[in-house]
Amino acid sequence: MSLYDILEEQEQSHRILKLRSPVNLEPIGTLTCANQHDVSHAVKKARKAQKDWAKLSFSQRAVYIQKALQILLDRQEEIVDTVVKETGKARTDAYNLEIFAAGDSLHYYSRKTAKILKPVKKRIHGMLGLIKQLRIVYKPLGVCGIIVPWNGPFILAINPAIQAMMAGNSVVIKSSEVTPFSTGLVEDIFREAGVPEGVCQVVQGDGQTGAYLCEAGVDKISFTGSIATGRRVAESCARQLIPCTLELGGNDAMIVCEDADLDRAASGAVIGACMNTGHFCCGTERIYVHKDVYETFLDKVKIRVKQLKQGPEHGADEDVGAVFWDRQMTIIEDHVNDAVINGAHVVCGARRNPELEGLYYEPTVLTDVRHDMKIMKEETFGPILCLQKVDSVEEAITLANDSPYGLNGNVWTKDKKKGFEIAQRIETGSMCINDMAVTYGAPEAPFGGVKSSGIGQVNGEVGLKGYCHAMPIITDRFGGKEMQSGYPYTAEKVDGLKKVMNFLWRNPIGRLFS
Ligand code: NAD
């Protein structure tokens, strides 16, 4: 059964979708997709509101963001209830990934933006630096479009919005068609915090609404989602010559060395693969284990996976929630079936949970997987642990790098230096040693993929600066009394230039000035 049906198609792509909860497949509401006119109207409103918003100081904007943090804390139960009903994720996943992460982001950017984006003076090298002074100011881009996927419908909307808004932009956020209500709460919270009308708006709809947003005259698109859609967004932005960041899919590798703490590594593998029902862009999808510790590691993983609780109540002690979307269930089942047909061994799971009526897939452990199977080549995005035995760490590195993706990854060893060396050799966006993906939660770490996993990096300094134009302003050092370059051109001036070059780059004393 599909999680949404098109109820009616009104004039001008004003589609209305009826949504169901993955928890029990019961209806949870309808969604009217914004059409081109609605999106264009929102962008115009955002453009108008941005002018005054940009005039505020960082500390004035921070007051609103701090207020939003208090509202987040007050309304956390309501947000979690909405997220859980709409996505089916485990309640604790909702608290960790949506509420805590959002709180941390509100707190961090309200306190740090002024320091990160304050105008900077930089020394110009060489002779020019003797007479000229450089300042760089960070100007907001204007209106930023934020396109959100369904796996983190609250955090993946609010986190980029906070950064763009703190930098002085207004935002128009496009929610996923599967999870519009959770994303809608972002606008609600900022409105309650007193953020002026038009600075943060959510437009709801499907892919067509997203395409309209890309073409609606925004100044940047911040996209999180699949590779296929990312390409379309990039094409659209390229046509309009506007920047975009693309945070796309992953197929992260985990390397377990022979000297790893196997208890920690086994726990890391299970949460790395099953957290958020495996719908985590930095989820652990491929696990390469050194042959000397393979059997022990597998036993430890097996014990832990069999203890995982899955249930429809969504209490705080249920570990693995529902699959968020029937479309993803089809991919998970296809990948697992392909692996099994081609020789993978099922240690546990590999089926829908027969005791639950919603979209629940049992946490699954597969061994004897190979790189010619879909499950190792493509993003599965489900609660699946795929274990492959390797003869050496070298083999593990080669296999980890044998992927068109490169978002995150992790390596497990008690030897810090060795872990650091292995991490640097992985062709991926970021790595963790002895932990699963914590990178997105550390704003000090620029986050983003390489290869097909994305373009550009987000969060922290690089993220904030990505919502700005770094504008260099060069001025006279001594108030306009300096010699000015220019006409008339003369042979003497060319001679003078030659002498300067000889002095700067041939003369040992001159090199001190170059
Ligand atoms: P998706 O690409 O199907 O949809 C993402 C968003 O794009 C949705 O809001 C959708 O309506 C919209 N969209 C669809 N077509 C569009 C178009 N032509 N123009 C503009 N917008 C359009 O992705 P999804 O299935 O919602 O999300 C899952 C994917 O997101 C996974 O691959 C996952 O790995 C990835 N993801 C990446 C990160 C990261 O930070 N790298 C984080 C979370 C999720």
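Which residues in H6 are buried? They are Ile155, Leu156, Ala157, Ile158, Asn159, Pro160, Ala161, Ile162, Gln163, Ala164, Met165 and Met166, where buried means under 20% relative accessible area, exposed means over 50% and partly exposed is in between (1.4 Å probe, protein chains only).

## Ground rules

This is a predicted model, so local features need pLDDT of at least 70 and side-chain atom pairs count only at pLDDT 80 or more, while totals for chains, interfaces and linings use all residues. Residues are numbered from 1 along each chain as its sequence is written, and side-chain values use heavy atoms, with hydrogens and water left out.

## Helix H6

Helices (H or I, at least four residues) and strands (E, at least two) are DSSP runs, numbered from the N terminus. H6 covers residues 155-166, and its end C-alpha atoms sit 16 Å apart. That agrees with the 16 Å that twelve residues should span at 1.5 Å a residue; the expected span is 1.5 Å times one less than the number of residues.

H6 is mostly covered, with twelve of its twelve residues buried. After the helix comes glycine 168, whose phi is positive, near 105°.

## The nonpolar cores

A nonpolar core here is a set of buried Ala, Val, Leu, Ile, Met, Phe, Trp, Tyr and Cys residues joined through side-chain atoms within 4.5 Å. The largest one has 52 residues, and those with the most contacts inside it are Leu106, Phe154, Ile158, Met165, Val171, Ile173 and Phe190. Apart from it lies another core, of 29 residues, including Cys257, Met329, Leu366 and Ala423. As background, nonpolar side chains tend to be buried together in soluble globular proteins.

Take isoleucine 173 and leave aside its neighbours within four places in sequence: it is in contact (heavy atoms within 4.5 Å) with Ile146, Val148, Ala157, Ala161, Thr183, Val186, Cys200, Gln201, Val202 and Val203.

## Strands E7 and E8

Strand E7 (residues 170-174) pairs with E8 in the parallel sense over four bridges; two strands pair if DSSP finds at least two bridges between them. Valine 172 stands opposite glutamine 201 in E8.

Strand E8 (residues 200-203) is covered on both faces: Cys200 and Val202 are buried on one side, Gln201 and Val203 on the other. In a regular strand the side chains alternate between the two faces of the sheet.

## Salt bridges

A salt bridge is a side-chain nitrogen of Lys or Arg within 4 Å of a carboxyl oxygen of Asp or Glu, and the structure holds 30 of them. Glutamate 187 and arginine 191 make one, at 2.7 Å from N to O. These two are four residues apart in helix H7 (residues 180-192), so about one helical turn separates them. Glutamate 187 is buried, with a relative accessible area of 17%, whereas arginine 191 is partly exposed at 46%.

Glutamate 258 and lysine 418 form another, with their closest N and O atoms 3.8 Å apart. Glutamate 258 lies in the loop between strand E11 (252-256) and helix H10 (262-274), and lysine 418 in helix H15 (residues 416-425), so the pair ties together parts that are 160 residues apart in sequence. Glutamate 258 is partly exposed, at 36% relative accessibility. Salt bridges that share partners also join Arg75, Glu78, Glu187, Asp188, Arg191 and Glu192 into one network.

## Cysteines

Most residues other than glycine have a negative phi, and most peptide bonds are trans. Asparagine 434 is not a glycine, yet its phi is positive, about 55°. Asparagine 434 is found in the loop between strand E17 (432-433) and strand E18 (454-455), and is buried at 18% relative accessible area. Lysine 451 lies in the loop between E17 and E18 too, with a positive phi of about 50°, but is partly exposed at 36%.

A cis peptide bond joins tyrosine 487 and proline 488, with omega about 0°. Proline 488 is found in the loop between strand E19 (468-476) and helix H17 (491-506).
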